Amino acid sequence: FRAEGIKMVSDGTDNHLLRLDFSGLPGILALCLGAVAGAALSIRAIRAALRRFRGQMVWLILGLMVGSLYAIAMGPAGLQTPLPPVSFQTFSLPGFLLGAAALLALLLWAVNTGSLHVTPAQLLRGLFVEYDPNVATVYDLRFPRIFIALFGGAATAVAGVLLQAVMKNPLADPGIIGISSGASLAAVLVTAFFPALYFFTPLFAFLGGMLAFALVYSLSWKGGLSPLRIILVGVAVNAMFTGLMSAFNSGTGSNYSGVASIVNANITQKTWDDFRTLALYAAIGLIASLFVTGQCNLLALEDKTARGLGVNVTRSRIIISVIAVALASISTAIIGPISFLGLIVPHIARLLVGSDHRVLVPYSVLLGAFTLLLADTLGRTIAAPYEISAAVVMSVVGGPVFILLLRGAKQSYGG
């Protein structure tokens with residue numbers, strides 16, 4: 001991976017500026033993401049191997065291979081055009097370190113939220129050294145929903161960043177413009193009528209999300225795209241798909257637990273199978289999003305200017321839109337629609353690390369995972385022993401934020 005490190009560059013005077021060249025940043029981030037995915041997929045095998053040194057070693061090797069392949073796929077060969085260096089003002093290393101530390105602290109809190117508590121030392125010992133019944137219970141009941149919240153939050157947040165870049169609309173969000181509800185309806189129908197195809201639910205959800213996105217985009221086009229028109233059409237499309245989904249859930253008497261969990265965005269009873277399905281598709285989508293960060297920066301320019309620089313604007317919009325819809329649909333297929341997550345996280349991330357998508361996208365991965373896990377953990381804590389859905393928590397917080405953004409939004413993205 002190309003990471004040239006620190007460079008001294010001249011500004012035309014006797015002064016010299018210290019810069020970091022992160023032209024290989026996507027590859028490095030993909031390596032980290034691949035390592036996390038590989039470790040998560042193989043954690044059960046690690047426990048078994050360290051206890052018995054037999055049995056599931058194949059799964060350990062497979063998990064590590066998956067992580068390695070994800071990293072290799074983002075090598076320098078895949079980045080045809082070198083990106084300009086990222087300066088200290090844009091790349092906020094302290095912001096990343098602070099976010100990672102906060103996410104780790106939140107992870108430990110989420111693990112211990114409930115009637116059963118384990119210390120960090122006990123958790124590590126129970127996972128990797130010897131069997132502990134308390135740790136086994138936490139592992140089977142809490143870990144799946146925690147990892148699902150992490151990957152689902154990251155996917156939804158990045159989808160919001162990409163949609164805002166494509167539509168040049170700071171109010172674009174997968175939930176607001178109907179993508180999540182379209183994906184939810186497709187996932188509900190597949191789960192109810194074709195349960196044997198559960199592993200492929202994200203693919204059908206992607207088709208539903210693309211249908212909703214195509215409706216919004218085509219109905220909003222009138223000699224150009226108006227940010228306000230996109231929101232209004234998106235709200236209408238979202239209401240239509242949400243009504244159809246609720247009608248189906250009510251018409252079946254909520255007899256399908258999988259359907260109800262998607263409709264209500266409930267991740268309480270999610271299992272490791274759900275996580276593996278989400279992790280596979282989400283990791284591919286997140287890595288793909290790192291390829292298009294440079295194109296997102298160019299789309300911030302006027303279309304004529306971008307075309308003058310040799311950019312195929314239409315093709316870039318289609319590619320980025322497909323990746324964004326895929327990420328939102330994949331997350332929705334497993335955890336259900338989470339409103340305002342793809343709206344709030346990008347705005348907070350811009351305040352912390354700036355608007356350069358080469359930094360904004362990876363930081364949104366971190367912040368999105370943190371936000372959804374925080375919402376889920378708060379929902380488990382506020383009304384204990386009862387639980388409030390993470391979607392409800394995000395709606396209560398996101399609604400006022402959306403109103404504030406709407407009041408202060410300009411007619412052009414970033415204006």
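Phe 143 and Phe 147 are both buried, meaning under 20% relative accessible area with a 1.4 Å probe and protein chains only (exposed is over 50%, partly exposed in between). The model is predicted, so local features need pLDDT of at least 70 and side-chain atom pairs pLDDT 80 or more, while totals for chains, interfaces and linings use all residues. Residues are numbered from 1 along each chain as its sequence is written, and side-chain values use heavy atoms, without hydrogens and water.

Aromatic pairs

- Rings of Phe, Tyr and Trp (its six-membered ring) pair if their centres lie within 6.5 Å; planes under 30 degrees apart are stacked, over 60 edge-to-face, and the rest tilted.
- The count of aromatic pairs comes to nine.
- Phe 143 and Phe 147 make an edge-to-face pair, at 5.8 Å centre to centre and 80 degrees between the planes.
- Trp 272 and Phe 275 are edge-to-face because their ring centres are 5.7 Å apart and their planes stand at 80 degrees.
- Both Trp 272 and Phe 275 are buried.
- One aromatic cluster is formed by Tyr 139, Phe 143, Phe 147, Phe 151, Trp 272 and Phe 275.

Helix positions

- Helices are DSSP runs (H or I, at least four residues), numbered from the N terminus.
- Phe 143 and Phe 147 are four residues apart in helix 6 (residues 143–167), so about one helical turn separates them.
- Trp 272 and Phe 275 lie three residues apart in helix 11 (residues 272–291), about one turn of the helix.

Ser 321

- Ser 321 belongs to helix 14 (residues 313–335).
- Ser 321 counts as buried because its relative accessibility is 6%.

Technical notes: Helix = DSSP H or I, 4+ residues; strand = E, 2+ residues; numbered from the N terminus.
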